[in-house]
Amino acid sequence: MSNKPLNGIKIIDFTHVQAGPACTQMLAWFGADVIKVERPGAGDVTRSQLRDIPDVDALYFTMLNSNKRSLSLDTKKPEGKAILEKLIKESDVLVENFGPGALDRMGFSWERIQELNPKMILASVKGFSDGHHYEDLKVYENVAQCAGGAASTTGWWKGEQSGPMISAAALGDSNTGMHLAIGILTAYIGRQQTGKGQKVAVAMQDAVLNLCRVKMRDQLRLEKLGYLEEYPQYPHETFSDVVPRGGNAGGGGQPGWILKCKGWETDSNAYIYFTVQGHAWAPICDAIGKPEWKTDPLYMTPKARQPHIMDIFGTIEAWLKDKTKFEAVDILRKFDIPCAPVLSMKELLNDPSLRASGSIVDVPHKERGSYVTVGSPIKFSDLKPEITGSPLLGEHTDEVLAELGYNKDEIAAMHAANAV
Ligand code: CAO
């Protein structure tokens with residue numbers, strides 16, 4: 001293996017589904033030795049969920065577990081517990097995202113882990129933080145989006161489509177995993193100073209809330225002002241005492257909206273996002289063929305535009321009528337207008353720039369031949385993460401046991417006891 005910054009960090013990856021695996025996968029890309037501990041015979045539930053090929057690990061698993069080794073281990077059996085204890089003594093980090101209390105019930109409380117290895121960093125994902133009145137709840141993605149404020153502030157505020165809305169982005173799962181990765185690396189650097197490990201925890205609710213801090217900002221402003229002028233409800237509708245859902249509004253200082261382009265009637269993604277950047281009003285007027293708006297008092301300032309901003313978007317949409325989303329962006333980019341086409345998963349999958357940058361990669365796999373996955377979104381000048389395939393269930397069991405000092409007969413005995 002070539003030299004990577006996290007080489008030498010040994011991680012017990014006791015994670016499953018998405019939140020935990022996304023975290024450990026990223027650390028594995030950057031060089032950590034990530035040993036995924038999975039229940040013999042079954043493994044991570046995502047191996048068999050949403051399969052596209054019978055009896056082959058599902059993409060749900062392969063896309064979240066690349067660059068790892070797999071150790072199958074029944075940690076409820078005494079033999080399995082003994083192996084895990086040895087592993088804990090020799091590792092730097094244990095990452096888990098079991099339901100509340102599961103690790104304690106298994107016999108691996110934080111106190112016990114510290115006894116085994118005082119340098120150990122224990123990293124956990126839970127739905128809610130320790131001591132929270134919902135701390136006992138099991139949580140999946142959409143539950144976290146609701147508990148963290150994202151759902152109440154996403155979607156439409158009136159009409160048939162109104163109601164809280166879930167985002168497709170994994171704000172609860174992968175986002176929490178990314179927060180945890182930062183926590184782990186911080187604790188690791190802390191350990192270099194103190195020689196001691198520590199417990200790092202990220203609650204999915206908190207990770208979602210952290211991404212929704214601009215909505216908390218809006219709640220505080222609303223309580224002071226009684227209105228939010230960048231929301232589509234302003235100034236013609238009334239505000240209640242909670243931040244409303246803003247549809248496709250920009251949400252920041254720049255009004256924006258999703259606008260139809262040529263072909264929207266048949267192509268569900270023939271749209272662009274258009275931003276009316278306050279100080280760049282003149283180029284917008286030039287781009288859309290409305291130079292007279294530059295000096296019209298009804299259009300000249302953000303304040304003057306806001307009461308009829310939806311009409312302005314309507315005019316821009318009329319201009320877009322005979323342009324595809326790509327043609328429109330090609331024109332608007334010349335005027336320095338912040339915009340982008342609405343890209344489908346299919347378009348992203350086939351985007352040559354994403355392939356060239358390594359953001360989408362083809363990865364070899366023992367049973368699939370190869371699979372496409374999302375590569376590292378973090379780019380370094382001196383590190384090019386090399387994405388390798390996800391492991392088969394228990395693929396590295398014997399190898400890891402041998403590294404722990406077990407001989408061939410002992411390994412055979414573990415297999416006979418169905419402990420691995
Ligand atoms: N050997 C033996 N037993 C094992 C094992 C192994 N290798 N790995 C796991 N287990 C056991 C656990 O000890 C636990 O047993 P008990 O419940 O008897 O103590 C059991 O498997 C299942 O644990 P779980 O509660 O984590 O699993 P679940 O499917 O019921 O719940 C989930 C899944 C995600 C809701 C829950 O794990 C959770 O809330 N996790 C925290 C929040 C989180 O990360 N959610 C995001 C998941 S990604 O969408």
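Let me start with helix α8, residues 204-211, which lies across β5 and β6 and runs at about 65° to β6. Before going further: this is a predicted model.

Helix α7, residues 174-194, lies across β4 (93-96), β5 and β6. The angle between α7 and β5 is about 160°.

Now the sheet itself. It is open and has six strands, in the order β3-β2-β1-β4-β5-β6, with parallel pairing. Its edge strands are β3, at 69-72, and β6, at 199-203, and each of these pairs on one side only. From one strand to the next, the twist averages 20°.

What is the sense of the pairing between β5 and β6? Strand β5 covers residues 121-126, and the two strands pair in the parallel sense, over five bridges. If you want a residue pair to look up on screen, take Ser124, whose bridge partner in β6 is Ala201.

Last, the surface. Which residues form the nonpolar patch? They are Leu209, Met216 and Leu220, and together they have about 270 Å² of accessible area. Leu220 is found in helix α9, which spans residues 213-225. Is Leu220 buried or exposed? The relative accessible area of Leu220 is 53%, so Leu220 counts as exposed, because the cut-off for that label is over 50%.

Terms used
Residues numbered from 1 in each chain as written. Predicted model: local features only at pLDDT ≥ 70, side-chain atom pairs only at ≥ 80, totals over all residues. Heavy atoms only, no water. Patch = residues over 30% accessible without salt bridge, like charges linked within 9 Å, V, L, I, M, F, W, Y side chains within 5 Å. Areas by Shrake-Rupley, 256 points an atom, 1.4 Å probe, with all protein chains shown as cover. Salt bridge = Lys/Arg side-chain N within 4 Å of Asp/Glu carboxyl O. Helix = DSSP H or I, 4+ residues; strand = E, 2+ residues; numbered from the N terminus. Buried < 20%, exposed > 50% of the residue type's maximum accessible area, 1.4 Å probe, protein only. Pairing = 2+ DSSP bridges. Axes fitted to C-alpha atoms, helices over the stretch in contact; angles between N-to-C directions. Contact = heavy atoms within 4.5 Å.
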